[in-house]
Structure formats: structure tokens, C-alpha cells
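Take a look at the chain below. This report goes from the overall fold to single residues.

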Amino acid sequence: MLSYLLAVLAAFGNATSSVLQRKANRDVPRSQNLSWRLIWSLLHQPVWFGGILAICIGFVLQATALGFGELATVEPILVLELPLTLILAARIFGQGLHRREWGAAVVMTVSLGALLFLLAPSAGRNGHVPWYGWAFGISVNLALVGTLVLFGRRESARGAGSVNRAALLGIAAGSAFGLTAALMKGMTTTFSAGLVTLVTSWEIYAMVAAGLLGMFLVQSALNAGGLIAAQPGLSLADPVISVLWGVFAFHENVRGGWYIAPEVASAALLTAAVVALARSPLLADAAEET
């Protein structure tokens, strides 16, 4: 139960970060997208530092939650970031939530609860993944991120499709954060061996690198098209990649058999609710507000 609470708090931290970072990105030219000049420009935006602080707090809460729970349990809860983002954006930009937003949020919450109940994840290797498992998983994960960024660059080169570019970069960022979560989970065993073992392990530095990559891609996604375009992929890719890591690398146990059909139905309903929420005019207003 503690892991559930910590995951919800982490989702709140991520939502706060999304809104503050988008607020900072509105004043940065889109010509700086996928460039280190983007970060340099954001360093001159005080609100951006609030977003970075919020996401750092979210990472700490997420890592603590993963220490108590499983990837397949903790990470899906992070999709609650989306309705929380919507509520915060509505507050900051002076908008009111309508029936559409509240209805989608209720559907998303119910379908998330049903999915977690049906999956009923249980402990696997508890952080013990062989080196070849890490090598293969990290390679595939980074290849996915690289492919998405490549397609995003092609959209940029054509001089159009800012929404598509933001969506692709949002999925890439979520995929990078999924890798970050897997490395966080791998650190739980290392941390139990003591602080010296932790700071001398490769996992902690790989986790930091993956997290920085994800944060850079988030800035580019928000700069390219705003919350309404970037948020669906960002919200969904992270838990999907994390659950795949949990099942295939950490051998976390989830229910199969006749449970598969309602699990797929719950996941599809959850996805539909996320897309409906992300298409809310309130997020569009937040993106366009000056």
C-alpha cells in the first residue's frame, strides 16, 4: 500500500513538472528544438527550475516506491500524472474543468484500478537481472528511443508536423523514463548492500544518464508542440516500457489465462481515456496562452 501512495505522489510531482516546464518552453523559439541551445535558453527561465525541482522530487518518490513494490505495479499508477497535469494547468491558466475532463479522469482511474487488480503483479527477481539481460534490454530500449527521435527529426526537416514531432518525442521521452525506472528497480538490491556499493555500481550512473536523456526529450517535445501533443505518448510509454521490463527482465509474475482478455480491455479503456484527456481544449489553451 505504501508503494501505491508513493507512486501517486510521484505522479503529482511529474504533473507539476510538466506544467511548469511547458510554461517555460512557451517563450523559447521552436528553431532550438532537439538542440542544446534549448537547454541554454531554459536556464534563463526561473519557472523552469521549479519544473526541474518537481521532477527530481518525483524521481525520488518513484525510486522509493519501486523499493517497496514492483515495476508492473508502480509504473502504471504514474498515468495519473495526466489528470493531475490537467487540473494544475486549469488552475494556472485560469480554466475550469468540464464534464468531459472529469468523466475521462474517472474512466481512467477505474480502468487503471481494474488493470492493477487483474494483473496482480508479484515479486520476481527483486532486482537481480543478469548482465546479458541488461545488455539486451538497454540496447532494444535505446534503439526504440533513437528511432522515435529520428522520425521526429524528419518531421522537423520537412518544416511541418509540429504536433507529430511533439507526439513522437513525447513517446521517446516516456520510453527513456521507462528505462530509467528499470534501472531504479535494479538499484534496490545494490542499495541494500550499502552506500559504497551503490555509488560504485554502474546502475546508478546509467540511471542518471537515462533520466537526463528523458528530461532533454521532454523539453524538446514540449517545445515542439506543447502539452496537448506530447502528453499522451509521455504518459503511456513510460508505464508500458516499465511493465515490459518488469515481466521480461525482472520476471515479475502477472496473471495470464482467462485474465488476459479483461486485462487487454482495461488497458484499451485506459488508453482511450488518456487520449481523450490529452485532447482536452484546456491543455490546448494552456499551450497557447501567452
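A helix here is a DSSP run of H or I with at least four residues, and helices are numbered from the N terminus. Thr73 is found in helix 4. The model is a predicted one.

**The whole chain**

The chain has 13 helices and zero strands. Read along the sequence, every element in the pattern is therefore an α, as in α-α-α-α-α-α-α-α-α-α-α-α-α. Of the 290 residues, 53% are buried. The accessible surface comes to about 13000 Å². Carbon and sulfur atoms hold 71% of that surface.

**The core**

The largest nonpolar core has 70 residues. Which of them touch the most other members? They are Met108, Trp134, Leu217, Trp245 and Phe250. Helix 8 (residues 162-192) gives this core its largest share, twelve residues. Look next at Met108. Leaving out residues up to four places away in sequence, Met108 touches Val79, Leu80, Pro83, Leu270, Ala273, Val274 and Leu277.

Buried means under 20% relative accessible area, exposed means over 50%, and partly exposed lies in between. The table applies these cut-offs.

| Residue | Relative accessible area | Class |
|---|---|---|
| Thr73 | 7% | buried |
| Phe216 | 13% | buried |
| His251 | 39% | partly exposed |
| Leu9 | 40% | partly exposed |

Why does Thr73 count as buried? Its relative accessible area is 7%, so it falls under the 20% cut-off. Not counting residues up to four places away in sequence, Thr73 touches Tyr4, Leu116 and Pro121.

Phe216 sits in helix 10 (residues 202-225). Its C-alpha atom is separated by 8.0 Å from that of Ala173. Along the chain, Phe216 and Ala173 are 43 residues apart.

His251 lies in the loop between helix 11 (227-248) and helix 12 (260-278). Its phi is near 55°. That is a positive value in a residue other than glycine.

Leu9 belongs to helix 1. Helix 1 (residues 2-25) provides the largest share of the patch, three residues.

**One salt bridge**

Side chains of opposite charge can pair when their charged atoms come close. How many salt bridges does the count give here? The count comes to one salt bridge. Glu70 forms it with Lys185, and the closest N and O atoms are 3.9 Å apart. This pair links distant parts of the chain, 115 residues apart. Glu70 is in the loop between helix 3 (46-68) and helix 4 (71-77), while Lys185 is in helix 8. Are these two residues buried or exposed? Glu70 is buried, and so is Lys185.

**Checking a helix length**

Helix 5 (residues 81-92) has twelve residues. What span should helix 5 have at 1.5 Å a residue? The expected span is 1.5 Å times one less than the number of residues, so helix 5 should span 16 Å. Its end C-alpha atoms are 16 Å apart, which agrees. The buried residues of helix 5 are Glu81, Leu82, Pro83, Thr85, Leu86, Ala89 and Ala90. One of them, Pro83, is touched by Met108.

Conventions
Residues are numbered from 1 along each chain as its sequence is written. This is a predicted model: local features need pLDDT of at least 70, side-chain atom pairs count only at pLDDT 80 or more; totals for chains, interfaces and linings use all residues. Side-chain values use heavy atoms; hydrogens and water are left out. Helices (H or I, at least four residues) and strands (E, at least two) are DSSP runs, numbered from the N terminus. Buried means under 20% relative accessible area, exposed over 50%, partly exposed in between (1.4 Å probe, protein chains only). A nonpolar core is a set of buried Ala, Val, Leu, Ile, Met, Phe, Trp, Tyr and Cys residues joined through side-chain atoms within 4.5 Å. Contact means heavy atoms within 4.5 Å. A salt bridge is a side-chain nitrogen of Lys or Arg within 4 Å of a carboxyl oxygen of Asp or Glu. Accessible areas come from the Shrake-Rupley method with a 1.4 Å probe; for residues, only the protein chains shown count as cover.
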